[in-house]
Amino acid sequence: MTTTTRTRALGTTGPQVSALGLGCMGMSGMYGEADHAESVATIHAALEAGVTLLDTGDFYGMGHNELLINEALRTAPAALRENALLSVKFGAQRGPDGEWYGFDGSPAAVKTSAAYSLQRLGVDHIDVYRPARLDPDVPIEETVGAIAELVEKGYVRHIGLSEVGADTIRRAAATAPIADLQIEYSLISRGPEREVLPTLRELGIAVTAYGVLSRGLISGHVTDGQQYAATDFRAHSPRFQGDNLRHNLTLVESLRKIAEEKGVTVAQIAIAWALSRGEGIVPLIGARTRGRLDEALGALDVTLDAADLAAVEAAVPADAAAGERYAPAQMAMLDSER
Ligand SMILES: NC(=O)c1ccc[n+]([C@@H]2O[C@H](COP(=O)([O-])OP(=O)(O)OC[C@H]3O[C@@H](n4cnc5c(N)ncnc54)[C@H](OP(=O)(O)O)[C@@H]3O)[C@@H](O)[C@H]2O)c1
């Protein structure tokens with residue numbers, strides 16, 4: 001397994017974290033069934049390899065993901081457990097059949113959700129706590145203000161945001177120190193470059209970038225004709241459908257040529273590109289097996305010089321992807337897309 005000691009600062013007020021974080025969502029069913037023992041082994045392998053940042057959400061498998069992380073931490077060597085920094089999202093309202101009921105960012109929901117998460121994770125504090133989406137009925141000042149109270153009491157160390165736009169970021173940062181914004185950012189999702197990234201840079205806020213492999217689409221491992229279960233995100237993602245998928249896979253084949261010339265993999269090029277976008281960007285890698293994790297960590301050894309970056313951007317121009325990054329109902333929930 002590739003190891004790393006590389007770190008990046010989570011903004012001017014947040015902690016130093018490993019340059020790549022492990023996103024644990026896929027271990028709780030978002031991309032079809034995951035193997036429990038392999039998920040735990042992947043978290044252990046990540047911690048052993050020097051990954052310190054673990055990202056989760058209380059609604060990933062409705063508590064399943066937090067309990068999985070609890071198990072992995074309990075069964076990891078103490079020294080590794082102590083290095084782990086937990087980033088947790090809350091607010092998504094879902095029923096037992098997986099139906100979505102919007103987002104609750106009210107102060108009571110903030111504190112109740114945190115109390116449950118602390119129990120499920122088996123920890124006395126959460127390192128970064130963030131609303132998964134903006135609750136349109138609750139001013140961001142109230143949501144952030146409630147997390148700030150949890151910071152004062154020691155239950156939370158730092159405040160993060162997720163998928164919000166520049167105005168909301170400014171309002172949140174005027175309320176309390178914000179460590180990072182979590183947002184989808186990849187070779188084929190470059191929307192944040194317009195307004196969000198410059199705002200974050202100005203305010204000293206980092207990015208934990210998700211979807212760096214576009215849910216596997218630009219990993220080099222997806223082929224046309226792959227079947228996804230109805231509960232798999234990819235079964236409904238516009239970018240994975242029909243002609244969109246065929247078009248998007250031609251972009252991947254262009255990337256593959258560059259990867260092969262450099263003797264690396266497509267996923268490593270995509271992750272190395274995200275790392276190259278600035279010191280304030282920490283890619284979250286959605287590996288759920290040790291094999292995928294090892295491949296992702298290998299990206300830390302890939303250097304893209306100016307000529308490489310130009311070739312990558314020529315292979316995958318900024319607006320080249322076909323299809324939106326979410327289905328319409330989920331796009332409508334993104335303050336970052338307004
Ligand atoms: N704030 C938000 O709104 C939000 C939204 C989504 C995710 N997130 C967070 O970000 C994390 C990462 O996001 P993501 O899962 O969408 O992103 P991703 O890393 O773009 O995609 C992950 C998928 O790519 C495939 N893959 C292929 N090669 C890989 C490799 N070498 N390393 C890792 N994955 C590889 C895997 O599928 P196979 O195993 O099938 O190959 C994996 O399930 C999540 O776990 C979650 O913590 C946050």
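Which strands does helix α2 lie across, and at about what angle to β4 does it run? Some notes on that and on the rest of the fold follow.

1. Ground rules. This is a predicted model, where local features need pLDDT of at least 70, side-chain atom pairs count only at pLDDT 80 or more, and totals for chains, interfaces and linings use all residues. Numbering starts from 1 along each chain as its sequence is written.

2. The α2 answer. Helix α2 (residues 64-74) lies across β4 and β5 (85-90), and its direction is at about 150° to β4. Helices (H or I, at least four residues) and strands (E, at least two) are DSSP runs, numbered from the N terminus. The angles run from 0 to 180 degrees between N-to-C directions, with axes as lines fitted to C-alpha atoms, for helices over the stretch in contact. Contact here is C-beta to C-beta within 7 Å, with the C-beta atoms placed from the backbone. Over at the other end of the chain numbering, helix α9 (residues 266-275) lies across β11 (206-210) and β12 (281-285), at about 150° to β12.

3. The barrel. Eight strands form a closed barrel in the order β3-β4-β5-β8-β9-β10-β11-β12, with parallel pairing. From one strand to the next the twist averages 30°. Pairing means that DSSP finds at least two bridges between the strands.

4. Around β3. This strand (residues 21-23) pairs in the parallel sense with β4 (residues 53-57) over two bridges. Gly23 has Asp55 as its bridge partner in β4, and Leu22 stands opposite Leu54 in that strand. On the β12 side, two bridges again join parallel strands, and the bridge partner of Leu22 in β12 is Ile285.

5. β4, both sides. In a regular strand the side chains alternate between the two faces of the sheet. For β4, five of its five residues are buried (20 or more other C-beta atoms within 10 Å; exposed is 12 or fewer, partly exposed in between). Leu53, Asp55 and Gly57 sit on one side, Leu54 and Thr56 on the other.

6. β12, both sides. Here too five of its five residues are buried. Ile281, Pro283 and Ile285 take one face, Val282 and Leu284 the other. β12 pairs with β11 in the parallel sense over three bridges, and Ala209 has Pro283 as its bridge partner.

7. The core. How many residues are in the largest nonpolar core? There are 101, and Ala209, Leu255, Ala270 and Ile271 touch the most other members. Such a core is a set of buried Ala, Val, Leu, Ile, Met, Phe, Trp, Tyr and Cys residues joined through C-beta atoms within 7 Å. Helix α9 gives the largest share, nine residues. Leaving out neighbours within four places in sequence, Ala209 is in contact with Ile183, Tyr185, Ala274, Ile281, Val282, Pro283 and Leu284.

8. Val88. This residue lies in strand β5 and counts as buried because 28 other C-beta atoms are within 10 Å. Not counting residues up to four places away in sequence, Val88 touches Thr56, Gly57, Asp58, Ser117, Ile126 and Tyr129. Asp294 is 206 residues away from Val88 in sequence and 24 Å away in space, C-alpha to C-alpha.

9. The ligand shell. The ligand is surrounded by 29 residues, the closest being Gly23, Met25, Tyr210, Gly216 and Gly286. A residue is near if its C-beta atom, placed from the backbone, lies within 6 Å of the molecule. Elements giving two or more residues to this shell are β12 and α10 (290-298), and α10 has the largest share, three residues. By class, the shell has 12 nonpolar, 10 polar and seven charged residues.

10. Met62 is not a glycine, yet has a positive phi of about 45°. Met62 is in the loop between β4 and α2 and is partly exposed, with 16 other C-beta atoms within 10 Å. Arg215, also a residue other than glycine, has a positive phi near 60°. Arg215 is in the loop between β11 and α8 (242-262) and counts as buried, with 23 C-beta neighbours inside 10 Å.

Technical notes:
Two residues are in contact if their C-beta atoms, placed from the backbone, lie within 7 Å. Ala, Val, Leu, Ile, Met, Phe, Trp, Tyr, Cys and Pro count as nonpolar, Asp, Glu, Lys and Arg as charged, and the others, Gly among them, as polar.
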